[in-house]
Amino acid sequence: MALTLYVDTARWRAHHKHVQEQFPGLVPVCKGNGYGFGHERLAEEATRQGSDILAVGTTYEAARIKDWFGGDLLVLTPYRRGEEPVPLPDRVIRSVSSIDGVYGLVGARVVIEVMSSMKRHGISEQDLAQLHAAIENVRLEGFAIHLPLDRTDGSDAVEEVIGWMDRLRAARLPLHTMFVSHLKAEELARLQQQFPQTRFRARIGTRLWLGDHDATEYRGAVLDVTRVAKGDRFGYRQQKAASDGFLVVVAGGTSHGVGLEAPKALHGVMPRAKGVARAGLATVNRNLSPFVWGGKQRWFAEPPHMQVSILFVPADAPEPKVGDELVAHLRHTTTQFDRIMDR
C-alpha cells in the first residue's frame, strides 16, 4: 500500500516534445526533488530527448546526477569562495555571479550570471569593466539572466534582456551564448531574431516537466477504515468525532510532503478571502486534506502522521474500502512518492 505517482507516459513525453519545439536549444532543469519525479527519472528523460546539457541546482545534485546523465551539467547555484569542494568531472559548468567568483574558478567552465530585476544575484553593470581580465583564465560558456515570473510594473522581459545584451556588447564581451529563464516562446524568438549571432538557450523546469497537469496524478492507498459514531474519541489527541462517519487511514504523511505547503503569493480579493477562511478553520483544528473521495476533498481527522494520514469521511458518503486509492492534489516540488507507475 503506497502513495503512488501515476504518469501517463505518452502524454507526458508528448508535452516535452511540444515544449522543445517551442524553445530550440532548451536546457532542461532537474533540481530539488526532481520536480516530484526524482533525479534519475529526469536524467533519463533528458537523455531520451537528446539534450546535450542538463541544469541542476547544486554541486551535490551534480555529483549524484553525473552517473545518470552523460552530457554537460550546469550548476545553477553560483560559486562562492570557501564552499565545500565536491569532486566533479570536467563536463560540469559552474555559474558565477561575482568578479571574485570568476577569479576563484581558474581553468573551469563557467556561465556568468548578470543581475536582473529579480535582484537575487548576478554581476552589475559596474562589474563589466573588470570582466575582461577575469575571464582570461576561465573557459567562458556564456552569460545568463534569470528573470522574474510576474511583472506587476508592466515592464517588458525582452527589453530587460536587450538592455543587458547592449551593455555586454558595449563592454566588448563575448556574446556567443545567453542562457535565459522565464521567457515565453515568442519572446525568445524576438531575441533570437534581433541577435542572430547569439545562441539563446532557455533553462526550463516547471513548464517542461509539470506543464501538462493531466499527465500525472498522485493517489494514496486506503490502509484501514474504522466506523465511528458522533462523540467517539480517536487519534493521538483523543478528539471527539463531530458526527457519524468513517476514519480512513490513507498512505501519505509528512515524510511524503502531505500537509506541508510552500507560501503562496495571493493576488486579488477572492484568493485572499479564501486564505483568511482557511487560517480561521485551522485555529479550530479544521484542516482540509489533499485527498479526494466521493468527489470532494476530505478533512484531516487530525494532523497527518509521518507516513499516513487519517481522514474523516461522513456517513452520507460512500464507505471507502481497504485497497481503494484516493486522488491526492499534491505539489510536485514538495512531494516524495513511494513508487512511480507508468501507464
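**Close-up views of a predicted model**

**View 1. Strand S14 and its two partners.** Strand S14 (residues 288-293) has 5 of its 6 residues buried, so the rest of the structure largely encloses it. Buried here means under 20% relative accessible area, with exposed over 50% and partly exposed in between (1.4 Å probe, protein chains only). Helices (H or I, at least four residues) and strands (E, at least two) are DSSP runs, numbered from the N terminus. This is a predicted model, where local features need pLDDT of at least 70 and side-chain atom pairs count only at pLDDT 80 or more, while totals for chains, interfaces and linings use all residues. Residues are numbered from 1 along each chain as its sequence is written, and side-chain values use heavy atoms, leaving out hydrogens and water.

Two strands pair if DSSP finds at least two bridges between them. S14 runs antiparallel to strand S15 (residues 296-300), with 3 bridges joining them, and Leu-288 stands opposite Trp-299 in S15. Have a look at the turn, too: this hairpin has 2 residues between the strands, and Gly-294 takes a positive phi near 65 degrees. Strand S17 (residues 325-328) is also antiparallel to S14, joined by 2 bridges; there, Phe-291 has Ala-328 as its bridge partner.

**View 2. Helix H6 and what covers it.** Helix H6 (residues 157-170) runs for 14 residues and reaches 20 Å from its first C-alpha to its last, close to the 20 Å expected at 1.5 Å a residue. That expected span is 1.5 Å times one less than the number of residues. Its buried residues include Trp-164, Met-165 and Leu-168. Among the elements covering the buried residues are strand S6 (109-114), helix H5 (128-134) and strand S7 (139-146).

Just after H6, Arg-172 takes a positive phi of about 60 degrees.

View 3. Domain 1 puts 8 residues into the contact and domain 2 puts in 11 residues, contact meaning heavy atoms within 4.5 Å. About 820 Å² is buried between the domains, 52% of it from carbon and sulfur atoms. Buried area is the accessible area (1.4 Å probe) that two parts lose on being put together, summed over both. On the domain 1 side, Asn-33, Gly-36 and Phe-37 lose the most area to domain 2, together 47% of what that side buries.

**View 4. Thr-59 in helix H3.** Thr-59 lies in helix H3 (residues 59-65) and, at 9% relative accessibility, counts as buried. Setting aside neighbours within four places in sequence, Thr-59 is in contact with Val-75, Glu-83, Val-86, Leu-88 and Arg-94.

**View 5. Asp-232 in its loop.** Asp-232 lies in the loop between strand S10 (216-228) and strand S11 (233-234). At 32% relative accessibility, Asp-232 counts as partly exposed. Its side chain reaches the backbone nitrogen of Ala-229 at 2.8 Å. Not counting residues up to four places away in sequence, Asp-232 touches Gln-239, Lys-240 and Ala-241.

How values were computed: A polar contact is a pair of N or O atoms within 3.5 Å; within protein, one must be able to donate a hydrogen and the other to accept it, and residues adjacent in sequence count only if both atoms are side-chain atoms.
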